[in-house]
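Please read it alongside the sequence and the model.

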Amino acid sequence: MAEPVTHSRALPDPPATNALGGLLAAALPDDYRGWLVLLQGELGAGKSTLARALLVALGHDGLVPSPTYTLVEPYELPRGNVYHVDLYRISSADELHFLGFDELREGLMLVEWPERVPDLVDDADLLVALTYAGDGRRADITACSERATALVRSLG
């Protein structure tokens, strides 16, 4: 792939993070099966907030618990399955096998704490890095695959 395309935006408050989730959901292809979106950032940076907003925008109606303890939260949505995955408690890439990680690829995967498995970025479509910026946050969205380049460019 050529030089990665990145879109950055300020997230001054939770409603801005929710709006970004809606924007990403609208930008995803109708058939998002096999897409891998990595959500990276420090504790409290907004990873779960962004995942919840994305799930709601994709049609989920109900609670969106953090997968911190369950590791994987599945969602059957109108456009296909979505798997919200939290790797915080993973100590090595070998443990992904026990999560059934390969089987989750039939849907859209939203993966928090991807840095726990550094090679995961090689298979990713999008890397959303959330960082603290003053009282708010900042999102840097990078296309990691050719198919994600147009999506990132469409964000403005």
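Which side chain does Asp31 meet in a salt bridge? The partner is Arg33, with N and O 2.7 Å apart. The model is a predicted one, and it holds 4 salt bridges in total.

**Salt bridges**

- Side chains of opposite charge can pair when their charged atoms come close.
- In the pair of Asp31 and Arg33, the aspartate is partly exposed because its relative accessibility is 41%.
- Asp123 and Arg105 form another of the salt bridges, and their closest N and O atoms are 3.6 Å apart.
- This pair links distant parts of the chain, 18 residues apart: Asp123 sits in the loop between β5 (108-112) and β6 (126-133), and Arg105 in the loop between α4 (101-104) and β5.
- Both partners count as partly exposed, Asp123 at 45% relative accessibility and Arg105 at 27%.
- A salt bridge also joins the side chains of Arg147 and Asp125, at 2.8 Å from N to O.
- Arg147 belongs to helix α5 (residues 146-154) and Asp125 to the loop between β5 and β6, so this contact ties together parts that are 22 residues apart in sequence.
- Is Asp125 buried or exposed? Asp125 counts as buried because its relative accessibility is 3%, under the 20% cut-off.
- Arg147, by contrast, is partly exposed, with a relative accessible area of 43%.

**Sheet layout**

- Strands of a sheet pair through backbone hydrogen bonds, either parallel or antiparallel.
- β3 runs antiparallel to β4, and 6 bridges connect the two.
- Within this pairing, Glu76 has Asn81 in β4 as its bridge partner.

**Strand β5 and its neighbours**

- Strand β2 (residues 36-41) pairs with β5 in the parallel sense through 4 bridges.
- Across that pairing, Val111 of β5 stands opposite Leu38.
- Strand β4 (residues 80-86) also runs parallel to β5, and the two are joined by 5 bridges.
- Here the bridge partner of His84 is Leu110 in β5.
- β5 is mostly covered, with 5 of its 5 residues buried.
- The burial extends to both faces: Leu108, Leu110 and Glu112 lie on one side, and Met109 and Val111 on the other.

- Rolling a probe the size of a water molecule over the atoms shows where empty space is left.
- How many cavities of 30 Å³ or more does the model contain? The count is 1.
- The largest cavity has a volume of about 40 Å³.
- Leu24, Leu28, Val37, Leu54, Leu110 and Leu126 line the largest cavity.
- By class, its lining has 6 nonpolar residues, no polar ones and no charged ones.

Note on methods:
Residues are numbered from 1 along each chain as its sequence is written. This is a predicted model: local features need pLDDT of at least 70, side-chain atom pairs count only at pLDDT 80 or more; totals for chains, interfaces and linings use all residues. Side-chain values use heavy atoms; hydrogens and water are left out. Buried means under 20% relative accessible area, exposed over 50%, partly exposed in between (1.4 Å probe, protein chains only). On a 1 Å grid over the protein atoms alone, a cavity is a set of points where a 1.4 Å probe fits but cannot get out, and a pocket is an open set with protein on both sides within 12 Å along at least five of seven lines; lining residues have an atom within 4 Å of a point. Grid points are joined across faces, edges and corners, and a volume is the space filled by probe spheres set on the points. Ala, Val, Leu, Ile, Met, Phe, Trp, Tyr, Cys and Pro count as nonpolar, Asp, Glu, Lys and Arg as charged, and the others, Gly among them, as polar. Two strands pair if DSSP finds at least two bridges between them.
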